Amino acid sequence: MSILTAPLSIAADRAPASIDKTGMQFPVHTFSNLAKQKKKIPDELSGDHKLMIVAFQRNHQQLVDTWFAAGDSLELAYNKPGKLFRYYEIPTIYKMGFLGRSFLNMGMRSGVKAQAARERTFTIYIDKAPFKKRLQIPNETDIHLFLLNNTGKVLWRCQGKHSPKNEKSLRQFLKK
C-alpha cells in the first residue's frame, strides 16, 4: 500500500464516470520510482500503450488497487512487439523539499514489497494545479486513468475504481 497525502472523504462506492477528453499530451516530469530508478515519465517508460493510474489522496490507494488485476491481465495479453502494454501508478503530491520527499518515499517503499510494484510506482511532487489543468482533471476527489501511446498522447481515459464496463472499454480500445 502506498502512503499519499492526508485523506479527504470521498464516495469510494460511487460508479466511475467515463469521460472522453482525449488527444492532449501527458505532462512530462522526471522522478524516481520506488525502486530508486530515475526516469522521465511518460517518455522513458516502457510500453507502446501505458496506462497511468493517477491518485491524489492517501485513501485513493484502495481505488488504485482495484485496477491491479486488470493491469496484470492486460500486460499478459498485450506482451508482443508493437502491442506492449504496461501500467503505472502515479501518486501525485504537492511540491516538497528533499527531506520530506525522502521520508515519504521511504514510507511508501516499506509498504510496497514487490519489486515489480516498486518499479511501476512513480510518486511525482509537483504544482498540482497546472498538472490537473493540462489533463482536464476537475478535482482530486477520485483517481484518473490515462492510456497513452508511445509519444505520451492521451488515447483513452476514465476515472474511478475498476469496473467491468471500464475494463471492457479499455480492452476494446486496445484491440484497435
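Colleague: Is Lys 36 buried or exposed?

Modeller: Lys 36 counts as exposed because its relative accessibility is 61%; exposed means over 50% relative accessible area, buried under 20% and partly exposed in between, with a 1.4 Å probe and protein chains only. This is a predicted model, where local features need pLDDT of at least 70, side-chain atom pairs count only at pLDDT 80 or more, and totals for chains, interfaces and linings use all residues. Residues are numbered from 1 along each chain as its sequence is written, and side-chain values use heavy atoms, with hydrogens and water left out.

Colleague: Thanks. Where is Lys 36 placed?

Modeller: Lys 36 is in the loop between strand E1 (29-32) and E2. Helices (H or I, at least four residues) and strands (E, at least two) are DSSP runs, numbered from the N terminus. The phi of Lys 36 is near 65 degrees, a positive value in a residue other than glycine.

Colleague: And what is phi for Gln 136?

Modeller: Phi is near 55 degrees for Gln 136, so that is another positive value in a residue other than glycine. Most residues other than glycine have a negative phi, and most peptide bonds are trans. Gln 136 sits in the loop between helix H5 (128-134) and strand E6 (144-148). With 37% relative accessibility, Gln 136 counts as partly exposed.

Colleague: Speaking of peptide bonds, which residues does the cis one join?

Modeller: The cis peptide bond joins Ile 41 and Pro 42, with omega about 5 degrees. Pro 42 belongs to the loop between strand E2 (38-41) and strand E3 (49-55).

Colleague: New topic, then: at what angle do H2 and H6 pack?

Modeller: Helix H2 (residues 68-77) and helix H6 (residues 164-175) pack at about 20 degrees, with their axes 12 Å apart. That makes H2 roughly parallel to H6, a label for angles under 35 degrees; over 145 counts as roughly antiparallel, 65 to 115 as roughly perpendicular and the rest as oblique. The axes are lines fitted to C-alpha atoms, for helices over the stretch in contact, and angles run from 0 to 180 degrees between N-to-C directions.

Colleague: Which residues make the contact?

Modeller: H2 brings Ala 70, Ser 73, Leu 74 and Ala 77, while H6 brings Glu 167, Leu 170, Arg 171 and Leu 174. Contact means heavy atoms within 4.5 Å.

Colleague: What does Leu 170 touch, leaving out residues up to four places away in sequence?

Modeller: Leu 170 touches Leu 51, Leu 74, Leu 147 and Trp 156. The C-alpha atoms of Leu 170 and Trp 156 are 7.4 Å apart, and the two residues are 14 apart along the chain. Leu 170 is buried, at 0% relative accessible area.

Colleague: How about Gln 57, buried or exposed?

Modeller: Gln 57 is buried, with a relative accessible area of 3%. Its place is in the loop between E3 and helix H1 (61-65). A polar atom of the Gln 57 side chain lies 2.5 Å from the backbone oxygen of Glu 140.

Colleague: Last one: how many helices and strands does the chain have?

Modeller: The chain has six helices and seven strands, in the pattern β-β-β-α-α-β-α-α-β-α-β-β-α along the sequence. Of the 176 residues in the chain, 49% are buried.

Terms used: Polar contact = N/O pair within 3.5 Å; in protein donor to acceptor, adjacent residues only side chain to side chain.
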